[in-house]
Amino acid sequence: MIRAFSRPKMSRPENSTASATASSYSVEVSSTAWKQLSHLPLENYQRIRNELDAVAARLANMGPHTLSLLKTVCLLTSLSLVVGEYVVLYDMEPERKLVTLREVARRLPHDK
């Protein structure tokens, strides 16, 4: 797993020196997702990065009951969000304060 999305720049775990606060979540990117991100235009990559940073910030502010429910959901399926024309699949681990980007895929076209 590769740690990423830590402001101000992305870094791999072996190069990371930034320490997170006790209540903040980190965002990691799987190797599969890194390959998928490498094919995206910079603007789309930045939008996905911003959305995952926002997810991590919201998780840090959730209570233990809500996190427990989300953890149960994650046992059954990956969480997802839509960013423009892409679907972003991610997992969360409250006990490790971690969000992991699993996959980025172009979503199917839909009628307007």
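I count two strands as paired if DSSP finds at least two bridges between them. The model I am reading is predicted.

**Entry 1. Hairpin of β3 and β4**

I began with the hairpin of β3 and β4, where two residues lie between the strands. Gly84 has a positive phi near 60 degrees there. I then followed the pairing: β3 and β4 run antiparallel and are joined by five bridges. Val83 has Tyr86 as its bridge partner in β4.

**Entry 2. Overall layout**

I stepped back to the whole chain. I find three helices and five strands, in the order β-β-α-α-α-β-β-β along the sequence. The chain has 112 residues, and 34% of them are buried. For contacts with a separation of 6 or more, I note that 57% join residues 24 or more positions apart. The accessible surface is about 7,200 Å², with 54% of it on carbon and sulfur atoms.

**Entry 3. Partners of β5**

Which strands does β5 pair with, and in which direction does each pair run? I found β2 (residues 26-29) running parallel to β5 (residues 98-106), with four bridges between them. I found β4 (residues 86-93) running antiparallel to β5, with eight bridges.

I looked up single positions next. Val99 in β5 is the bridge partner of Val27, and Met92 stands opposite Val99 as well. Asp91 has Thr100 as its bridge partner in β5.

**Entry 4. Hairpin of β4 and β5**

β4 and β5 form a hairpin with four residues between the strands. I checked Lys97, which sits in the loop between β4 and β5. Its phi is near 50 degrees, a positive value in a residue other than glycine. I noted this because most residues other than glycine have a negative phi. Lys97 is partly exposed, at 29% relative accessible area.

**Entry 5. Nonpolar core**

Which residues of the largest nonpolar core touch the most other members? The core has 24 residues, and the ones I wanted are Leu37, Ile48, Leu52, Val99 and Leu101. I then listed the elements that each supply at least two core residues: β2, α1 (31-37), α2 (42-60), α3 (64-76), β3 (79-83), β4 and β5. α2 gives the most, with six residues.

**Entry 6. Salt bridges**

I count three salt bridges.

For the pair Arg106 and Glu85, I read 2.5 Å from N to O. Arg106 is in strand β5 and Glu85 in the loop between β3 and β4, so I log a link between parts of the chain that are 21 residues apart. Arg106 is exposed, at 57% relative accessible area, and Glu85 is partly exposed, at 37%.

For Asp91 and Arg102, I read 2.7 Å from N to O. Asp91 belongs to strand β4 and Arg102 to strand β5, so this pair ties together parts 11 residues apart in sequence.

For Arg96 and Glu93, I read 3.2 Å from N to O.

Definitions and conventions:
Residues are numbered from 1 along each chain as its sequence is written. This is a predicted model: local features need pLDDT of at least 70, side-chain atom pairs count only at pLDDT 80 or more; totals for chains, interfaces and linings use all residues. Side-chain values use heavy atoms; hydrogens and water are left out. A nonpolar core is a set of buried Ala, Val, Leu, Ile, Met, Phe, Trp, Tyr and Cys residues joined through side-chain atoms within 4.5 Å. Buried means under 20% relative accessible area, exposed over 50%, partly exposed in between (1.4 Å probe, protein chains only). Contact means heavy atoms within 4.5 Å. Accessible areas come from the Shrake-Rupley method with a 1.4 Å probe; for residues, only the protein chains shown count as cover. A salt bridge is a side-chain nitrogen of Lys or Arg within 4 Å of a carboxyl oxygen of Asp or Glu.
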